[in-house]
Amino acid sequence: MSLDPADRAPEASEHPNPPQLLTLMDFKEVMKEAKQVMRHKVLLENAMPDTATNMAMAQATLLEAVKRIVPTALLNTLARILHHYNTSVRTICTITTTVRTAFKKEARNAILVPEHYNLTLPLDDPRSQTDHRRDTVGPLLIDQVYLFEDPTIQSPVNHPAVIAMIIRAVWGGILHEVLNFDNIDALNNLISIGGTAVGSSLMEYEEGVHKTVQFAPASRSAVEYGTIQHHNEVVHRTPALYRASRTLRERMPKMISIVLRKDMVKEDSSMVL
């Protein structure tokens with residue numbers, strides 16, 4: 001397999017005082033740290049970067065990781081001290097898609113929970129499931145009604161489906177490791193990603209039957225993401241809405257415990273059956 005020309009280690013003769021490659025141990029630690037830094041950036045800053053922005057995020061992430069792990073490294077020669085620099089950048093770039101995939105997976109499950117959006121008819125209901133889903137999803141997508149527990153009043157994003165799927169996507173796996181609740185306002189982007197993932201999943205049933213909708217920057221999801229971010233900004237500027245938003249987020253630790261405990265009970269029950 002041929003390597004990217006930029007991935008090869010430089011020859012000693014190319015530079016009068018060539019910087020030394022990181023040791024293999026340091027390199028592994030740098031990559032481990034870089035993945036965590038990138039997860040943090042995607043979760044709290046930008047989950048829908050275009051290709052160029054995602055690449056820039058990954059490069060900045062590697063630089064930050066090297067600073068933390070090997071503070072004595074010559075950072076202006078980063079591309080020459082990292083093993084397979086371009087390959088490393090591409091590896092970090094994939095974190096963005098991995099995070100979105102985790103959210104989309106949980107959103108697809110959340111929208112089909114009966115008490116969330118009523119998309120699934122009881123087995124003894126004679127109506128057409130396809131017609132029911134088509135007729136139900138359409139109104140939910142208008143003005144992003146699906147984001148709110150009571151769409152008749154102005155509020156922060158607070159629909160139980162959105163909150164529950166964010167909890168499962170983040171605290172049901174490893175993503176929570178890069179978060180803390182010291183700055184509650186920093187969690188705005190989680191709401192944007194979660195809301196967008198739910199919207200993208202609902203779009204898959206616009207015609208009544210499931211058809212995959214991309215959850216990526218070059219899709220309708222990017223518009224939804226931007227709209228939710230704008231709504232979060234309005235909430236932040238409006239005192240009553242901001243107070244409601246803070247109250248919701250301050251309750252998150254308790255809600256996390258409730259949601260994950262329910263999941264454990266379900267898992268135990270299925271094992272017994």
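## Terms and model

On a 1 Å grid over the protein atoms alone, a cavity is a set of points where a 1.4 Å probe fits but cannot get out, whereas a pocket is an open set with protein on both sides within 12 Å along at least five of seven lines; a lining residue has an atom within 4 Å of a point. The model is predicted: local features need pLDDT of at least 70, side-chain atom pairs count only at pLDDT 80 or more, and totals for chains, interfaces and linings use all residues. Residues are numbered from 1 along each chain as its sequence is written, and side-chain values use heavy atoms, with hydrogens and water left out.

## Cavities

The whole structure holds three cavities of 30 Å³ or more. A volume here is the space filled by probe spheres set on the grid points, which are joined across faces, edges and corners. The largest cavity has a volume of about 70 Å³. Its lining consists of Ile163, Ile166, Leu187, Leu190, Ile191, Leu248, Arg249 and Met252. H7, H8 and H10 are the elements that give two or more residues to this lining; helices are DSSP runs of H or I with at least four residues, strands are runs of E with at least two, and both are numbered from the N terminus. By residue class, the lining of the largest cavity has seven nonpolar, no polar and one charged. In this division Ala, Val, Leu, Ile, Met, Phe, Trp, Tyr, Cys and Pro count as nonpolar, Asp, Glu, Lys and Arg as charged, and the others, Gly among them, as polar.

The second largest cavity contains about 40 Å³ of space. Asp185, Asn188, Asn232, Val235, His236, Tyr242, Ser245 and Arg249 line this second cavity, and H9 and H10 each supply at least two of the lining residues. Two of the residues in this lining are nonpolar, four polar and two charged.

## The largest pocket

The largest pocket has a volume of about 710 Å³. It is lined by 25 residues, and those nearest its centre are His116, Pro160, Ile163, Ala164 and Val259. At least two lining residues come from each of H4, helix H5 (114-117), H7, helix H10 (239-250) and H11. H11 contributes the most, with six residues. The lining divides into twelve nonpolar, four polar and nine charged residues.

A nonpolar core is a set of buried Ala, Val, Leu, Ile, Met, Phe, Trp, Tyr and Cys residues joined through side-chain atoms within 4.5 Å. The largest such core has 67 residues, with Leu43, Phe103, Tyr117, Leu190 and Leu202 having the most contacts inside it. Two or more core residues come from each of helix H1 (24-44), helix H2 (51-69), helix H4 (85-110), helix H6 (129-141), helix H7 (160-171), H8, helix H9 (220-237) and helix H11 (252-272). Leaving out residues up to four places away in sequence, leucine 43 touches Val99, Phe103, Leu175, Val178, Leu179, Asn189, Leu190 and Ile193; contact means heavy atoms within 4.5 Å.

Serine 192 sits in helix H8 (residues 188-203). Serine 192 is buried, with a relative accessible area of 1%; buried means under 20%, exposed over 50%, and partly exposed in between (1.4 Å probe, protein chains only). With residues up to four places away in sequence again left out, serine 192 touches Tyr225, Ile228, Gln229 and Asn232.

## Salt bridges

The whole structure has 13 salt bridges, each a side-chain nitrogen of Lys or Arg within 4 Å of a carboxyl oxygen of Asp or Glu. Lysine 41 pairs with glutamate 64, their closest N and O atoms being 3.8 Å apart. Lysine 41 is in helix H1 and glutamate 64 in helix H2, so this pair ties together parts 23 residues apart in sequence. Lysine 41 is buried at 14% relative accessible area, whereas glutamate 64 is partly exposed at 26%. Both belong to a salt-bridge network made of Glu33, Lys41, Glu64 and Arg68.

Glutamate 204 and lysine 104 form a salt bridge at 3.2 Å, N to O. Glutamate 204 is in the loop between H8 and H9 and lysine 104 in helix H4, 100 residues apart. Glutamate 204 is buried at 1% relative accessibility, and lysine 104 is buried at 5%. A further bridge joins aspartate 263 and arginine 168 at 2.8 Å, N to O. Aspartate 263 lies in helix H11 and arginine 168 in helix H7, so the pair ties together parts 95 residues apart in sequence. Aspartate 263 is partly exposed at 24% relative accessible area, and arginine 168 is partly exposed at 21%.
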